[in-house]
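Me: I would like to learn how to read a model of this kind, one feature at a time. Please give the general idea and then the case at hand.

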Amino acid sequence: LFDQDERVNMICEGISDFPNVKVIKYQGLTVDFAKKIGARTLVRGMRAVSDFEFEFQMGLLNRRLVDDIETIFLMPSAAFIFLNSTAVKTIAQNSGDVSQFVTPFVAEELRKKFVV
C-alpha cells in the first residue's frame, strides 16, 4: 500500500520521541545490512503459531549466513495478537476507525490512501 519512502516517513514520525532510534533504508539481505552497521541482534515479532515456522526458519537461515548475529523473538500483548497490516488496511479501506491500532499520523495517511 505504501512505498518504501512513505513507510520510512511514517516510522520516523512514529519514533520522533526517541532520539536514540534511527530509521535507515537499505536493500538486500537484512543480515548483510546488520553486519554492515555492526548490529549483533535482530528483533522479530511473532503474533501467532502461524508466524513461528516462518520466523524460526528465517532465524536459522540468517544464523547460517552470518553466524555472529542472533535473532530474538518477541510476543505481542494478548490485546494485539490478532492485529496485522491486512486487518488495519481493511478497516481503513472501509472507512473504519483505525486510531486504536496505529498512530494518528499513520491513521491520516491511511485515510488519504482510501479517500473515494
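**Reading the model**

Reply: Start with the residue after a helix: α4 is followed by S95, whose phi is positive, near 60 degrees. Helices (H or I, at least four residues) and strands (E, at least two) are DSSP runs, numbered from the N terminus. This is a predicted model, in which local features need pLDDT of at least 70 and side-chain atom pairs count only at pLDDT 80 or more, while totals for chains, interfaces and linings use all residues. Residues are numbered from 1 along each chain as its sequence is written, and side-chain values use heavy atoms, with hydrogens and water left out.

Me: Which backbone nitrogen does a side-chain oxygen of N84 reach at the start of α4?

Reply: The backbone nitrogen of T86, to within 3.0 Å. A polar contact is a pair of N or O atoms within 3.5 Å; within protein, one must be able to donate a hydrogen and the other to accept it, and residues adjacent in sequence count only if both atoms are side-chain atoms.

Me: In what sense do β1 and β2 pair, parallel or antiparallel?

Reply: Two strands pair if DSSP finds at least two bridges between them. Here β1 (residues 41-45) and β2 (residues 70-74) are parallel, over five bridges. L42 has T71 as its bridge partner in β2, and R44 has F73.

Me: What unit do β1, α3 and β2 make?

Reply: A right-handed β-α-β unit, with α3 spanning residues 49-65. A crossover is right-handed if, with the strands pointing away from the viewer, the path from the first strand over the helix to the second runs clockwise.

Me: What is the volume of the largest pocket, and which element supplies the largest share of its lining?

Reply: On a 1 Å grid over the protein atoms alone, a pocket is an open set of points where a 1.4 Å probe fits, with protein on both sides within 12 Å along at least five of seven lines; lining residues have an atom within 4 Å of a point. Grid points are joined across faces, edges and corners, and a volume is the space filled by probe spheres set on the points. The largest pocket has about 420 Å³. Of its 16 lining residues, F2, R7, M10, I11 and V106 are the closest to the centre. The largest share, six residues, comes from α1.

Me: Which residues lie nearest the centre of the second largest pocket?

Reply: Y26, T30, L42, R44 and N62, out of 14 lining residues. This pocket holds about 300 Å³, and α3 gives the largest share of the lining, six residues.
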